[in-house]
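Morning, everyone. I have one structure to walk through today. Please have the viewer open.

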Amino acid sequence: MELSNPDKVLYPDDGYRKRDVIEYFRSVADVMIEHARGKPMTLRRFPDGIGSGGFFQKEASSHFPDWVRVAAVPQRGEPGTVHHVVVDDAPTLLYLAGQACLEFHIGLSMVDDLDRPVLAVLDLDPPEGAALPELRAVVRRMCERFRDAGLSPHVQATGGKGFHVAAALRGERGFDEVRAAIRELAEQAARDEPDRLTVEQRKDKRGDRIFLDTNRNAYGQTMIAPYSLRAHPGAPAATPLDLDELGRAAPQSYGLANMARRLAQKTDPWAGLEDARSAGDFPHPGNQDRPEKE
């Protein structure tokens with residue numbers, strides 16, 4: 001694959017060039033694609049590097065080659081359809097990396113069944129200056145709540161400020177039902193620890209509490225794909241973790257500099273996530289209507 005401007009610096013504080021980014025995604029392609037395959041993708045591209053700002057891209061560019069898979073995703077609440085890239089293979093991933101895509105954000109449903117999520121995600125967003133041991137403790141307690149709800153929790157360091165707790169779903173319920181269930185889970189946690197946790201949407205009302213963000217569990221919303229780079233100095237990456245690693249991990253522990261070494265020594269902690277769908281699912285809250293399978 002021909003690479004244009006391979007020496008273009010994309011992480012100016014670290015000197016990482018486009019060729020370094022390509023090699024990173026080549027090293028994680030096998031594990032990353034397992035989690036991205038079949039899901040609509042939103043790209044975050046930085047043609048002039050992270051110091052110059054970037055842009056989010058949902059609609060696939062007309063110049064993308066024909067072999068890049070594109071899926072039509074109807075809009076909700078407004079007319080039209082968005083044609084999202086679907087990253088099903090390494091050539092697609094590396095081509096997009098060559099287009100200065102640093103962040104890959106995946107939808108929570110599959111393109112062949114857009115209305116029923118196969119993932120539920122809780123984003124733990126700490127305030128500035130939050131103590132890492134406290135954040136880790138909250139992650140562990142939220143994992144316990146996921147298990148109490150019949151789910152198999154999986155932890156991801158986001159490469160940003162916090163952590164995700166995610167669980168595979170069987171794809172039997174619509175987004176509204178799943179969002180209501182995970183919202184209730186988060187609200188109960190905030191009721192139990194009101195001085196430490198919040199579900200308050202407005203930042204000015206959160207104070208120094210950890211925000212339990214359930215907003216990703218909606219049609220058209222996304223989460224950062226496992227093993228995607230992030231557009232932060234140091235080139236950190238979203239990193240699946242075993243729960244017993246949490247005591248040694250920070251949100252930005254792994255990335256371009258050390259991910260290949262990690263994967264050479266450790267199996268992907270989210271390997272077999274698809275199999276976890278059979279482990280459980282959210283119970284139906286109330287008597288909400290749910291779409292029937294055709």
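**Helix packing, buried spots and salt bridges**

Start with helix α1, residues 18–36, and helix α2, residues 90–98: their axes are 9 Å apart, and the helices pack at an angle of about 150°. That angle is over 145 degrees, so α1 counts as roughly antiparallel to α2. The crossing of α1 past α2 is right-handed. One caution before I go on: this is a predicted model.

Who makes the contact? On the α1 side, Lys 18, Val 21, Ile 22, Phe 25, Arg 26, Ala 29, Met 32 and Ile 33. On the α2 side, Ala 90, Leu 93, Leu 94, Ala 97 and Gly 98.

Stay on α2. How many of the nine residues of α2 are buried? Seven, so α2 is largely enclosed by the rest of the structure. Those buried residues are Thr 92, Leu 93, Leu 94, Tyr 95, Leu 96, Ala 97 and Gly 98. What do they pack against? The partners are α1, β3, β6 (81–85) and β7. After α2 comes Ala 100, and here is one for those who check backbones: its phi is positive, near 65°.

Next pair. Helix α3, residues 132–148, packs with α4 at an angle of about 130°, and the two axes are 11 Å apart. That makes α3 oblique to α4. This crossing, too, is right-handed. From α3, the contact uses Met 142, Arg 145 and Phe 146. From α4, it uses Ile 182, Leu 185, Gln 188, Ala 189 and Asp 192.

Find Thr 214 in the loop between β14 (210–213) and β15 (222–224). Buried or exposed, at 2% relative accessibility? Thr 214 is buried, because buried means under 20%. Neighbours within four places in sequence aside, Thr 214 is in contact with Leu 122, Arg 179, Ile 182, Arg 183 and Ala 186.

Hold on to Arg 183. Arg 183 also meets Glu 187 in a salt bridge, 2.8 Å from N to O. Both residues sit in helix α4, residues 175–192. They are four residues apart, about one turn of the helix. Both are partly exposed: Glu 187 has a relative accessible area of 24%, and Arg 183 is at 25%.

Now the longer-range pairs. Glu 103 forms a salt bridge with Arg 44, and the closest N and O atoms are 3.5 Å apart. How accessible is each partner? Glu 103 counts as buried, at 1% relative accessibility. Arg 44 is partly exposed, with a relative accessible area of 24%.

Asp 48 and Lys 8 also meet through their side chains, in a salt bridge of 3.7 Å, N to O. Again, distant parts of the chain are linked: Asp 48 is in the loop between β3 (41–45) and β4 (55–57), Lys 8 is in the segment before β1 (9–11), and they are 40 residues apart. Both ends are partly exposed, Asp 48 at 48% and Lys 8 at 32%.

How many salt bridges does a search of the whole structure find? The total is 28.

Back to β7 for a moment, because Ile 106 lies in that strand and counts as buried at 1% relative accessibility. In sequence, Ile 106 and Gly 38 are 68 residues apart; in space, they are 9.5 Å apart, C-alpha to C-alpha. Leaving aside neighbours within four places in sequence, the contacts of Ile 106 include His 35, Ala 36, Lys 39, Pro 40 and Met 41. Also among them are Gln 221, Thr 222, Met 223, Ala 225 and Pro 226.

Last, the annotation. UniProt, in an unreviewed entry, lists residues 18–270 as "domain: DNA ligase D polymerase". Over residues 18–270, the chain is 28% helix and 24% strand. The end C-alpha atoms of that stretch are 27 Å apart.

That's my tour. Over to you.

How values were computed
Residues numbered from 1 in each chain as written. Predicted model: local features only at pLDDT ≥ 70, side-chain atom pairs only at ≥ 80, totals over all residues. Heavy atoms only, no water. Salt bridge = Lys/Arg side-chain N within 4 Å of Asp/Glu carboxyl O. Helix = DSSP H or I, 4+ residues; strand = E, 2+ residues; numbered from the N terminus. Buried < 20%, exposed > 50% of the residue type's maximum accessible area, 1.4 Å probe, protein only. UniProt positions renumbered as here; feature names shortened; annotations may be inferred. Axes fitted to C-alpha atoms, helices over the stretch in contact; angles between N-to-C directions. Parallel < 35°, antiparallel > 145°, perpendicular 65-115°, else oblique. Left-handed = near helix turned anticlockwise from the far one by under 90°. Contact = heavy atoms within 4.5 Å.
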